[in-house]
Amino acid sequence: MFQQLRTSSSSSCRARVAAVFQQRRRASSDRTPLTAPPAEALRPESVPRHVAVVMDGNSRWARARGLPPTVGHEHGLRALEGIARLSRAWGVRVLTAFAFSHENWNRPKPEVDFLMVRIQSFIHDNVDDFSSQGIRLRVIGDHARLPVFLQNTVREAEEATKENSQLDLVLAMSYSGRRDIVQACRNLAHKVHEKVLRPEDIDETLFANELQTSLTDEFPYPDLLIRTSGELRLSNFLLWQTAYSELFFTDTLWPDFGEADYLEALRSFHGRDRRFGKRNMILAQS
Ligand SMILES: CC(C)=CCC/C(C)=C/CC/C(C)=C/COP(=O)(O)OP(=O)(O)O
């Protein structure tokens with residue numbers, strides 16, 4: 001498939017990839033089973049409202065099996081479907097998934113082309129399913145840099161799911177945390193220039209309102225950030241927004257990240273003492 005993409009024109013390769021994955025989807029019934037919330041970590045007050053995931057390790061997962069990276073990405077998307085379903089079932093309100101960074105444009109063109117096509121079909125094929133689960137799809141990042149066929153699908157899916165309120169599934173594509181911050185500064189500078197704002201009016205709330213994550217009105221900041229595959233860095237993801245996020249790193253590669261791993265992350269979150277710089281009550285009294 002990877003090899004085929006190298007030689008195909010973009011629309012015919014799109015059609016071919018879509019057809020192959022349509023077939024696989026129909027054949028596949030191996031969705032992550034939903035389980036009843038079993039643990040103290042899943043009491044409503046313990047569940048993080050906003051979870052962010054850096055879906056890392058697809059290529060390594062494939063390489064370990066002698067397969068091309070595209071197969072890893074395919075399994076990675078299935079893992080994302082499963083985690084979205086679990087998030088909704090367990091009461092997470094926002095799931096933000098890093099699907100493609102600004103820097104990922106520097107990856108080999110066939111891999112980039114494959115990802116654009118495959119993410120488009122992932123969104124297209126799941127819209128009805130998202131709607132039936134009450135999942136609203138949002139996309140952050142540099143929309144204009146995405147191929148037009150993907151921009152169109154994103155627009156349609158955002159429109160089709162806009163009334164859903166169980167879970168906001170936010171895909172970060174062509175996303176860069178630094179660019180998000182620069183863009184916010186630029187927007188504020190324009191407002192000052194237009195005399196809509198005075199410099200002294202600018203505070204953290206106004207600044208955050210200009211960031212792309214402000215589209216999820218209630219929970220713009222991740223409570224928990226998960227990165228798979230053993231890497232211990234943010235890689236330019238949600239830099240402002242993660243100032244007080246709890247971080248969870250696991251060696252599990254993203255395609256293998258399933259219910260047990262997610263539960264482990266939520267249990268870990270449940271055990272954290274989130275102080276936000278303050279003293280907790282017991283320490284304050286001593
Ligand atoms: C499920 C699915 C199809 C996901 C798409 C695959 C993909 C491109 C994921 C990238 C996620 C991401 C930006 C990780 C950061 O690692 P990095 O490798 O960009 O950064 P690093 O070099 O700092 O590790």
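Contact here means heavy atoms within 4.5 Å. Keep that in mind, and keep in mind that this is a predicted model.

Gln151 sits in helix H6. Leaving aside residues up to four places away in sequence, Gln151 touches His143, Ala144 and Leu146. The side chain of Gln151 reaches the backbone oxygen of His143 at 3.2 Å. Now look towards Gln120. Gln151 and Gln120 are 31 residues apart along the chain, and their C-alpha atoms are separated by 8.6 Å.

That takes us to the helices. Two packed helices are described by the angle between their axes and the distance between the axes. So, pair by pair.

First up, H5 with H6. H5 covers residues 109–133, and H6 covers residues 148–160. The packing angle is about 15 degrees, and the axes are 9 Å apart. Angles under 35 degrees count as roughly parallel, and H5 and H6 are therefore roughly parallel to each other. Their crossing is left-handed. Who makes the contact? On the H5 side, we have Met116, Val117, Ile119, Gln120, Ile123, His124, Val127 and Ser131. On the H6 side, they meet Phe149, Leu150, Thr153, Val154, Ala157 and Ala160. By class, that is 10 nonpolar, four polar and no charged residues. Note that Gln120 is back, as part of the H5 side.

Next, H4 with H5. Helix H4 runs over residues 69–90. The axes of H4 and H5 come within 11 Å and cross at roughly 25 degrees. H4 and H5 are therefore roughly parallel to each other. H4 passes H5 in a right-handed crossing. From H4, the contact uses Thr70, His73, Glu74, Leu77, Leu80, Glu81, Arg85 and Arg88. From H5, the contact uses Glu111, Phe114, Leu115, Arg118, Phe122, Asn126 and Gln133. How do the residues of this contact of H4 with H5 divide? Five are nonpolar, four are polar and six are charged.

Helix H9 spans residues 259–270. H4 and H9 pack at an angle of about 45 degrees, with axes 10 Å apart. H4 and H9 are therefore oblique to each other. This crossing of H4 past H9 is right-handed. Ile83, Leu86, Ser87 and Trp90 in H4 meet Glu259, Tyr262, Leu263 and Leu266 in H9. The classes for H4 with H9 are six nonpolar, one polar and one charged.

Last topic, the ligand. How many residues surround the ligand? There are 15, and the closest are Ala99, Asn104, Arg227, Arg233 and Ser235. Three of these give side-chain distances to ligand oxygen atoms. For Asn104, an N or O atom in the side chain is 2.9 Å from an oxygen atom of the ligand. For Arg233, the corresponding distance from a side-chain N or O atom to a ligand oxygen is 2.8 Å. For Ser235, a polar side-chain atom lies 2.6 Å from an oxygen atom of the ligand.

To recap the helix pairs: H5 and H6 are roughly parallel, H4 and H5 are roughly parallel, and H4 and H9 are oblique.

Technical notes:
Residues numbered from 1 in each chain as written. Predicted model: local features only at pLDDT ≥ 70, side-chain atom pairs only at ≥ 80, totals over all residues. Heavy atoms only, no water. Axes fitted to C-alpha atoms, helices over the stretch in contact; angles between N-to-C directions. Helix = DSSP H or I, 4+ residues; strand = E, 2+ residues; numbered from the N terminus. Parallel < 35°, antiparallel > 145°, perpendicular 65-115°, else oblique. Left-handed = near helix turned anticlockwise from the far one by under 90°. Nonpolar A, V, L, I, M, F, W, Y, C, P; charged D, E, K, R; others polar. Near = heavy atom within 4 Å. Polar contact = N/O pair within 3.5 Å; in protein donor to acceptor, adjacent residues only side chain to side chain.
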